[in-house]
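This report is for a reader who is new to the structure shown below.

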Amino acid sequence: MADLFTSEASPETEADFAPVETGVSFENALAAARNGDRLTVEEATELLTTGTDADGIDEGRKRELLRAADARRREVVGDEVTFVANINNNVTTACDVGCLFCNFKDAPREFKSEGGDGFTRTVEESREVAEDARDRGVYEICSVSGLHPALVLDEEHREAVEGTARYTPPDEFTKDPGTYVEQIRAMDDAGLHVHAVTPEEAEHARRGTDLTYRDVYERLADAGLDTVPGTAAEILVDEVRDVICPNKIDTEGWMDAMRGAVDAGLGVTATMMYGHVENARHRALHLKRVRELQDETGGITEFVPLSFVHENTPLGDRGVTGASRAEDELVVAVSRLFLDNIDNIQSSWVKYGDELGARMLDCGANDFMGTLLSEEITKRAGGDHGEFRSFEWYVDTLRDMGRVPVERSTDYEKRRVVDGPPYGPVLGPSADGTPLID
Ligand code: SF4
């Protein structure tokens, strides 16, 4: 069988997973995909590998598969390509969870004195970031942070964890991150759509208590949280999580948190971070969990494949590299064909770069992420695709491809075809069509 995805890792990260065999043929799997049949894990695995009966990726089969995914994209969402005017406001890099794929973290002890590479934003600093973004015309503020030991859900949660090993008082650090509720309220006060608090952060926000995920997300929704990013999903198979993020919530924990967010009335997204130690079957199993969650909740607005950026990460130090271009194309295409209950498949220019990111729009993707006025997570992992893409860049890129540029809201409910020049957002609370940056 073709073992395309096992990395040459050191003993600490050796992932000795069972060989992938499917018992179905590539031709039959492709026929099922073209028919619009609901694909099985075996069929998806076969498509992701262009057949498990030979080593390597078969270019001819790959082309056929990409064509099928592109045709499905056109049937489902047409030729519009959406993007959102957004900014990242990550509150803190303090985290000691130790995920091996992550360089967006600094040991919390480093925050007890000045210096170091990490940062924490106070509630007032987040308010200023949000107000400035609103004044520029931004629609969405996205906030994903490390698990700072002083960060709690609210004052009631602080009382519950005070004096335990899972909490350190903020006065031991040079800067106080406040509480999740205060941070969300500060961002919401600016009138922006707040997209924040991943399942892992929701777990941190209920640590040491018997609060449910729904309880956590209801309190955050009251503070102004609008939607939840379904990151921290990585690969939703515990034998993979045990290697790359053993201290994180497990697959069922992630699923429960997402259910809690939807039960609290919040929209959610879903992601998959691939291209590290997992194999093709793990990717297919992940897609199945996401499809099941959507069958159950109906709350997932988009699926975001995230290609692992390895350069400055512990996995990268151990010789694990990311996915190949062909694997990236296949993951996007199979996501489109497998996830028959999620309309929007995103291409992330932060992970893929401009050229490959645009290419993904011909492989099944229909959303091209957002302007991202500031971005730290991938940059710190060694990503070199920079920060910020202007509306003008989106319009030029998409029109060159014969596609229609469409500004959207986070939940895809509001849309408008971008015309001009000048090219700027109109959906944000202060947006009037002026470009985000002069
Ligand atoms: S991925 Fe998140 S939880 Fe894991 S180490 Fe990085 S910041 Fe911490």
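## One residue

Does Pro-429 count as buried, partly exposed or exposed, and why? Pro-429 counts as partly exposed because it has 13 C-beta neighbours inside 10 Å. By definition, a residue is buried if 20 or more other C-beta atoms lie within 10 Å of its own, exposed if 12 or fewer do, and partly exposed in between, with C-beta atoms placed from the backbone.

Pro-429 is found in the segment after S11. Apart from neighbours within four places in sequence, Pro-429 is in contact (C-beta atoms, placed from the backbone, within 7 Å) with Arg-134, Gly-191 and Leu-192. From Pro-429 to His-193 the C-alpha distance is 9.2 Å, although 236 residues separate them in sequence.

## Basis of the model

This is a predicted model, in which local features need pLDDT of at least 70 and side-chain atom pairs count only at pLDDT 80 or more, while totals for chains, interfaces and linings use all residues. Residues are numbered from 1 along each chain as its sequence is written.

## The whole protein

The protein has 16 helices and eleven strands; these are DSSP runs numbered from the N terminus, helices being H or I of at least four residues and strands E of at least two. Its radius of gyration is 21 Å, close to the 22 Å given by the globule rule for 438 residues, so the protein is as compact as a globular protein of that length. The radius is taken over C-alpha atoms, and the rule is 2.2 Å times the number of residues to the power 0.38.

The C-alpha trace spans about 60 × 55 × 40 Å along its principal axes. Of the 438 residues, 55% are buried.

## A four-stranded sheet

Four strands form an open sheet in the order S9-S1-S10-S11, with mixed pairing. S9 (367-370) and S11 (415-417) are at the edges with a single partner strand each, so one side of each has no neighbour in the sheet.

Strand S1 (residues 80-84) pairs with S9 in the parallel sense over two bridges; pairing requires at least two bridges found by DSSP. Thr-82 stands opposite Asp-367 in S9.

Definitions and conventions. Two residues are in contact if their C-beta atoms, placed from the backbone, lie within 7 Å.
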